[in-house]
Amino acid sequence: MYDKILVPMALNHDISPETLAAAKALCKPSGQIIALHVYESPHSMAKAALGEKLLQQGFETAKDLLREKTASHPEVKPVIVTGHSYRTIVEYAADNDIGCIVMASHKPDLSDYLLGSTAARVVRHASCSVLVYRA
């Protein structure tokens, strides 16, 4: 059982209840579960076209969605950060003494074998245990 578990969440996928349940099963009674969403800001050209106000609205919408997905789980701490998905997940885990990352993954296809999915990259680079959940 783990003291701190990180559950990265893509807000456009409905796998969150399953990954949160897996995290609860792996967490010590006195442990902490952190639901993390990495908000990937658009490239500089898109930033310039969209404007700061619209970007901030997108970030706030993502924050609200994360709170919504974790609302029925008072033991889960929702956290949203800006960055690149796999790199930010790995860095957050290292910086916050995370014992295990529980994340969802889709069934890999050919492009995943050539490029690597977010879950595959987290598995390769994380310094802690990683449980990959597949529906």
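Start with a pair of helices: α4 passes α6 in a right-handed crossing. Bear in mind that this is a predicted model. Select residues 85–95 for α4 and 118–125 for α6, and you'll find the two packed at an angle of about 35°, with their axes 9 Å apart.

In what order do the strands of the open sheet run? Reading across, you get β3-β2-β1-β4-β5, 5 strands with parallel pairing. The edges are β3 and β5, each of which pairs on one side only. From one strand to the next, the twist averages 25°.

Zoom in on β1 and β4, a parallel pair with 2 bridges. Pick leucine 6 here, and opposite it in β4 stands isoleucine 101.

Bring the helices back. α3 packs on the sheet, where it touches β2 and β3, and its direction makes about 160° with that of β3. α4 packs on the sheet too, touching β1, β2, β3 and β4, with its direction at about 150° to that of β2.

Time for the inside. The largest nonpolar core has 18 residues, and Ile5, Val7, Ile33 and Val102 have the most contacts within it. Which elements give two or more residues to this core? Color β1 (2–8), α1 (16–26), β2 (27–39), α3 (52–70), β3 (76–82) and β4 (100–104) to see them. β2 gives the most, with 4 residues.

Center on valine 102. Skipping neighbours within four places in sequence, it contacts Ile5, Leu6, Val7, Pro8, Thr19, Ala22, Ala23, Leu26 and Leu131. Apart from this core lies another, of 17 residues, including Val38, Ala93, Met103 and Val122.

Last stop: valine 130, in strand β5 (residues 129–133). Buried, exposed or partly exposed? Its relative accessible area is 25%, so valine 130 counts as partly exposed. Leaving out neighbours within four places in sequence, valine 130 is in contact with Ile101, Val122 and Val123. To finish, draw a C-alpha to C-alpha distance from valine 130 to methionine 103: the two are 27 residues apart in sequence and 7.6 Å apart in space.

Technical notes: Residues are numbered from 1 along each chain as its sequence is written. This is a predicted model: local features need pLDDT of at least 70, side-chain atom pairs count only at pLDDT 80 or more; totals for chains, interfaces and linings use all residues. Side-chain values use heavy atoms; hydrogens and water are left out. A nonpolar core is a set of buried Ala, Val, Leu, Ile, Met, Phe, Trp, Tyr and Cys residues joined through side-chain atoms within 4.5 Å. Buried means under 20% relative accessible area, exposed over 50%, partly exposed in between (1.4 Å probe, protein chains only). Contact means heavy atoms within 4.5 Å. Axes are lines fitted to C-alpha atoms, for helices over the stretch in contact, and angles run from 0 to 180 degrees between N-to-C directions. A crossing is left-handed if the near helix is turned anticlockwise from the far one by less than a right angle, and right-handed if clockwise. Two strands pair if DSSP finds at least two bridges between them.
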